[in-house]
Each structure stands twice: as C-alpha cells, then as structure tokens.
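I opened this entry to look up a helix and its charged side chains. My notes follow the structure.

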Amino acid sequence: MLRSEWAAQVVTQTRPAPRQSKHKADEEISKIIELEKLVGARAHMVRSLELRFISNQVHDVESFEIEIADACSQHNNLLETLRRRQEGLGVTGHAKLVAL
C-alpha cells in the first residue's frame with residue numbers, strides 16, 4: 001500500500017509545472033473588469049428594488065420578496081466570484097488592475 005502511494009506521489013511531484021500564457025493575466029484582468037461592471041449593475045438593481053419597497057410601489061409582496069432575494073443572491077455570488085478572481089491574480093496582475 002505504501003509503495004503505490006509513494007509511486008503516485010513521485011509521479012505527481014515530478015510532473016512538469018503547467019505553462020502559463022504571457023497574456024493570461026491580461027485576460028483575467030479583463031474578466032475582472034467585466035465582473036466589476038456586473039456587480040455594479042446588480043447592486044444598482046438591488047438598490048432600485050429597495051427604493052420601490054420604501055416608496056410603497058410594491059403591489060405583490062410575495063413576488064417582490066422572491067425578486068429581491070434573487071437579486072441579492074446573484075449580487076452576493078458575483079461578489080464572491082470577483083473576490084476569488086482578484087485573489088488568484090498574483091502580484092503583477094494585481095498591480096496592473098490597480099493601475100487601471
């Protein structure tokens with residue numbers, strides 16, 4: 001049993017590192033910028049729904065609750081995806097993103 005685990009470990013550790021594209025960081029930065037736009041749009045949607053509720057322009061409360069819960073959920077998912085992508089950038093990619 002130990003021999004098979006050791007052999008699998010040797011195969012895994014001696015595998016060459018994956019090659020990275022020179023433009024991979026630029027592609028990831030453009031995806032992050034797109035995500036930032038989507039997060040902003042979804043946040044605007046949540047705010048407008050909240051304003052509709054505050055100004056008493058809601059006629060069907062049940063469907064409104066579903067709509068605002070869905071919008072909040074999508075906003076939170078986009079924020080989490082954005083956070084993960086930003087963490088995965090690395091130092092130079094993060095510096096490029098900040099410079100934009």
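I started with Glu-87, which is exposed at a relative accessible area of 56%. The model is a predicted one.

I looked for the partner of Glu-87 and found Arg-83, with the closest N and O atoms 2.5 Å apart in a salt bridge. Both residues lie in helix α3, four residues apart, about one turn of the helix. Arg-83 is partly exposed, at 36% relative accessible area.

Glu-80 is partly exposed at 33% relative accessibility. An α-helix has 3.6 residues a turn, so residues three or four places apart point the same way.

I noted that Glu-80, Arg-83, Arg-84 and Glu-87 are linked in a network of salt bridges. The count of salt bridges comes to four.

Next I looked up Arg-85, which forms a salt bridge with Glu-28, their closest N and O atoms being 2.8 Å apart. Arg-85 is in helix α3 and Glu-28 in helix α2, so the pair ties together parts 57 residues apart in sequence. Arg-85 is partly exposed at 29%, whereas Glu-28 is buried at 18%, under the 20% cut-off.

Which residues of α3 are buried? I listed Phe-64, Ile-68, Ala-71, His-75 and Leu-82. These buried residues pack against α2 (24–54).

Last, I checked the length of helix α3 (residues 61–87). Its 27 residues should span 39 Å at 1.5 Å a residue, and the end C-alpha atoms are 39 Å apart, which agrees.

Notes:
Residues are numbered from 1 along each chain as its sequence is written. This is a predicted model: local features need pLDDT of at least 70, side-chain atom pairs count only at pLDDT 80 or more; totals for chains, interfaces and linings use all residues. Side-chain values use heavy atoms; hydrogens and water are left out. Helices (H or I, at least four residues) and strands (E, at least two) are DSSP runs, numbered from the N terminus. The expected span of a helix is 1.5 Å times one less than its number of residues. Buried means under 20% relative accessible area, exposed over 50%, partly exposed in between (1.4 Å probe, protein chains only). Contact means heavy atoms within 4.5 Å. A salt bridge is a side-chain nitrogen of Lys or Arg within 4 Å of a carboxyl oxygen of Asp or Glu.
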